[in-house]
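Dear colleague,

Please find below the structure that I am handing over to you.

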Protein chains: 2
Amino acid sequence: MNANALPRPRPEIIAAVGASLTERLGARVTAAQAVLDQHSHGEGLPAVGVPDLVVFPETNEEVAFVLARCNERRVPVTPFGAGSSLEGQLAALAGGVSLDMGRFAKILEVTPESLDCRVQAGVTREALNAHIRDTGLFFPVDPGANASLGGMASTRASGTNAVRYGTMRENILGLTVVTPDGRIVRTGSRARKSSAGLDLTHLYVGSEGTLGVITEIQLRLYGVPETIVAAVCQFDKLEDAVAAVVTALQSNLEMARIELLDEVQMRAAIRYSKLDYAETPTLFLEFHGSPNGVREDVEMMQTITTDLGGGEFQFAERPEDRSRLWKARHNSYQAVMALSPGKSNMGTDACVPISALPACLLETKADIVASGLTAPIVGHVGDGNFHLGILFDPNDADETERAEALAFRTARRAISMGGTCSGEHGVGLHKIVHMEAEHGQGIALMKAVKKALDPNGIMNPGKLYP
Amino acid sequence: MNANALPRPRPEIIAAVGASLTERLGARVTAAQAVLDQHSHGEGLPAVGVPDLVVFPETNEEVAFVLARCNERRVPVTPFGAGSSLEGQLAALAGGVSLDMGRFAKILEVTPESLDCRVQAGVTREALNAHIRDTGLFFPVDPGANASLGGMASTRASGTNAVRYGTMRENILGLTVVTPDGRIVRTGSRARKSSAGLDLTHLYVGSEGTLGVITEIQLRLYGVPETIVAAVCQFDKLEDAVAAVVTALQSNLEMARIELLDEVQMRAAIRYSKLDYAETPTLFLEFHGSPNGVREDVEMMQTITTDLGGGEFQFAERPEDRSRLWKARHNSYQAVMALSPGKSNMGTDACVPISALPACLLETKADIVASGLTAPIVGHVGDGNFHLGILFDPNDADETERAEALAFRTARRAISMGGTCSGEHGVGLHKIVHMEAEHGQGIALMKAVKKALDPNGIMNPGKLYP
C-alpha cells in the first residue's frame, strides 16, 4: 500500500495548529517521533501513515476544540482507540493529527435496572466487563482483541456472541459524537427503541472516524445466563461441520456461540494454546439459558452433529475451562502468526447469508488448496462470517501476489453470493477496492453524506470511500 | 394543524408533470377527487393535505421515472403505503404527487435456509405471514394495523413482539431505495451483519419518505417456536403490574410479548372484543421456546406476578384462543374509539428506559386523572413503550387544548427521563414539536443529511424536521 500518497498539510500549518492546541492541552500534544510512529498504524496488514502530531484529549470539549482548530486549517484528524483495528483504519495517510482516545477511559454510568451503561470511547471491552462483574451483567460483543468500545463502534465490530446477542449495531442505543466543526452532539436515547427522526446513531456506527469522533457510547447489557455450557465437537470433514451449523440455525436452536475452525486453524490453536484436541475441522459451541433449556439445546445439537458424523461433545463446563477455550479462540490471530514466524497475515472477512455458507466456505477452501498457500479458516459461522489468515512472505513478490489474489477472490465470492467483503473488521484502507462491487450506486450516497457532515474532508482521509 | 400552510406547485407545473407521467403510466396517474381525498391523510389525528395527483407505480424504474420528473420541476412527492400511519406522515402538505405503493405487492423471494425474504414495499405484514405460513417461518413485527412493510420500514415500526424479536430496525438487512433524482440503489446485503461502509439501510429506515422511496425490503424471518403459550394476568394496581414487568426483564426471563393494559383500556377491550376479564390493570403475556423452556419461564413469571399481587394466569394455549387475545390487543385503537363515539383519539408514543418506566407510567396516570380526560393506557412495556389514547371532542376547544397539553407533557416526560417522544409511530407532523427537545444539535445533522440526499426538498415536505 502506498501509504503516503495523499497530500499532507504544510509544516507551517502544523506548527500553527500545534501551537494553538498546545496552548490548551499542554504536553498532551506531542510530536515525539516514538509516539508518532506508534500512532502510524494498527494491527493487520502494513498500512502506515505517520501523523504530524498526536493529541490526547480528556473531555468532549477538548475534542471539539481540537477538531474545530484542525477544521479551520484543513488539518486531517485520524481517531485512534486501542490500536487493534485490522484494515488500516489508523494510518494517518495524510498526516495531521492522530487523536488518541485512550484517556476517555471512564465508565460514566451503569444502570442495572435498565440493563444499560454509558462509557467513554476509550474504555476497552475487558475493562467494562471487569467493572460490571459484580452486577451480574455482561457486555457480549467480543472481537479477538481487547479493543476500545469507541473503536468497536466505529468499525461496527462483532465477535463470537453475535449469533445470539448481535453486533455493535444492535447493542448501541446512543452516542456522543463531535463533528468536524466542533459541535458536541448526543444521538439516540436510552430507550430500547425509537422512531423519532433519522437514525444518526447508526450513521456514525461503522463510519470509521470519517464523519466525526465518537466520544461516548450508550450500550445494552445482558444478565449473565443462569447456565452456560461450552462444548467442542470435531468432524472429519469441513462440509459436515458447516452442514451441522446450517441445520442448527434452521432448527430454532438458540446458541450463544458457533465457531468453526478448520484443521489448519486447529493445528495453529493447538500449538499456540496447548489444547488437547485433534487437528480436524472443529466447532466450538456455547449454550446460554436455564438449566433445562440448555440441556434440551445441547441434546438437540448433539443429535444434529452426530447425524452428520461429528464426534462426541467435549464439554467445558467449569468457568476456567470455558475461559481457556475461548481464550484460545480469541488468540487465533496470534496462533496463526506463530505458525510461520516471519510471515505476514493477510486477513479476510467474508460474510454471506447462511444458505450460501456451505458453498462459499467449500469453494474458498478449494481455492486455498489450489493457491498453495497456508491460510487457516476460522469463523463466526452462526452469522455466516469467516476469516482466512493468509500467510505470506512480504519479501516474496510472487507469494504476496498470490495471497492478494486469494484474498480478493474470497471477498468477491462473498459479494457475489449476496454477502459482504467485511463482516466485522470494517473497510479501512484494505477493503476499499471492493466497495464499488458491493455497493454500486450506494457509494454516491455515502459520499454525499460524508460531504454533508465533513465538508472539508478532514476526518480520516483515504479510508472507506473509494 | 394548518394543513395547507406550505406553498404548492403552480397548476401549470402539475399539468406538465402530470402529462409526462401519464405518457408512461397511463391511467395509473389520476387526479380524480375521490382518489385525491383518499390519499390526503392517514389514521390518527387529522392532518390533511390533498395531493394534486396520485400515481400508482409498478416497478422500480417507474418510481425512478416519477421521482426524476417531479424533482426536475420541484414537485413534492409523498409516499403512501397502506394508509395506516398515525402521525400525519401521509398528508400531502405541499400538494404534488401522492405515490401509492400498493401495487408493489410481490413477495420476491423467500429463502428458508437463510431465514430471510425479499418483498416489495407494498406487501402488508399479514400478506407476508400468510404467504410463508407453510414454511414454518414467520415475520414477527406487528403494529396494530395491517400496515405495508414499506411503511413499517419508513416509520421504524414495531409492535408486540419487539421485546424478543426487535423492531423493523433489527429485522431489515437491506433495501432498494429510489433517490429523488431517480437513482435505484440497493443498500445492505443478505448477510446477517456487515461492516462495509456507511449504514445506508438504517439511514432510510425511519426516514419517513423524506430521503427517497423504499421499494424493496430484505427481511429476517424466524422459525415458528415449538411451543407458544399466552397468558393473561390481572392486577389490582397499575404499579404492581409495572413492577412485575421490570422484575421479569431483570431476571433474564425471555418473553416474546409483555403488554400492559390499564383498567380503562381493559374496559374498552372487553366491550369491543367481548373478552371475559375484569376491568383492572392487566398483562397480556406470551412465551416462545421449547416445551421445557417455556414451562420454566411461565413458572418463573408466575412467581414474580404472584409476589406482586397478580392473579392466577389465565392461559390461552389453543391457537384460536391466542389469536383472539392478540386480535383484541391489536384492535385497541378501534376499541378506544368505540368507547366514546364521536370523539377523536390523540395518540402518544412515549418510550423510556425500563428503569424509568414505573415512574413515567405512574406520573402519566396521575396526570390523566388530574386532566379529567379519558385516556386509556396500553403499552409494549417490555420495550418501555406505552400509548395513551386521549379521547377529546375536536369541536370543544377547551377539551382539545387539555388533550394537547396532556399529550405534550407525556412526550416531554419521556424525553426528560432519557427516552423518546416516539417509540414506534414516527415523527410525521404531530411530533415535530418535540424534536428539538429530544435531539438538540442532532437536528442540524439530520437536516444536513436531508439536504445532501434530497437537495430540492421534494420528498414528503413538512414532515419530521422542525
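**A helix pair in chain B**

In this predicted model, Val17(B), Ser20(B), Leu21(B), Arg24(B) and Leu25(B) of helix H1(B) are in contact with Glu62(B), Phe65(B), Val66(B), Arg69(B) and Cys70(B) of helix H3(B). By class, the residues of this contact are six nonpolar, one polar and three charged. H1 of chain B covers residues 11–25 and H3 of chain B covers residues 60–72; their axes come within 10 Å and cross at roughly 165°. Angles over 145 degrees count as roughly antiparallel, and H1(B) is therefore roughly antiparallel to H3(B). The crossing of H1(B) and H3(B) is right-handed.

**How the two chains meet**

Between the chains, 75 residues of chain B are in contact with 75 residues of chain A. On the side of chain B that touches chain A, the elements that give two or more residues are strand S9 (184–188), helix H8 (200–204), helix H9 (238–250), helix H11 (291–307), helix H16 (435–439) and H17 of chain B. H17(B) gives the most to that side, with eight residues. The side of chain B that touches chain A has 24 nonpolar, 34 polar and 17 charged residues.

**The relation between the copies**

The same surface serves both copies, as 100% of the contact residues of chain B recur in chain A.

Most residues other than glycine have a negative phi. Two residues deserve a look in this regard.

- Lys274(A) has a positive phi, near 55°, and is not a glycine. Lys274(A) is found in the loop between helix H10 (263–273) and strand S14 (282–289) of chain A. Lys274(A) is exposed, because 9 other C-beta atoms lie within 10 Å and the limit for exposed is 12 or fewer.
- Asn460(B) also has a positive phi, near 45°, and is not a glycine. Asn460(B) is found in the segment after helix H17 (442–453) of chain B. Asn460(B) is buried, because 30 other C-beta atoms lie within 10 Å and the limit for buried is 20 or more.

With kind regards

Methods. Residues are numbered from 1 along each chain as its sequence is written. Chains are lettered from A and ligands numbered from 1 in the order in which they are written. This is a predicted model: local features need pLDDT of at least 70, side-chain atom pairs count only at pLDDT 80 or more; totals for chains, interfaces and linings use all residues. Axes are lines fitted to C-alpha atoms, for helices over the stretch in contact, and angles run from 0 to 180 degrees between N-to-C directions. Helices (H or I, at least four residues) and strands (E, at least two) are DSSP runs, numbered from the N terminus. Angles under 35 degrees count as roughly parallel, over 145 as roughly antiparallel, 65 to 115 as roughly perpendicular and the rest as oblique. A crossing is left-handed if the near helix is turned anticlockwise from the far one by less than a right angle, and right-handed if clockwise. Two residues are in contact if their C-beta atoms, placed from the backbone, lie within 7 Å. Ala, Val, Leu, Ile, Met, Phe, Trp, Tyr, Cys and Pro count as nonpolar, Asp, Glu, Lys and Arg as charged, and the others, Gly among them, as polar.
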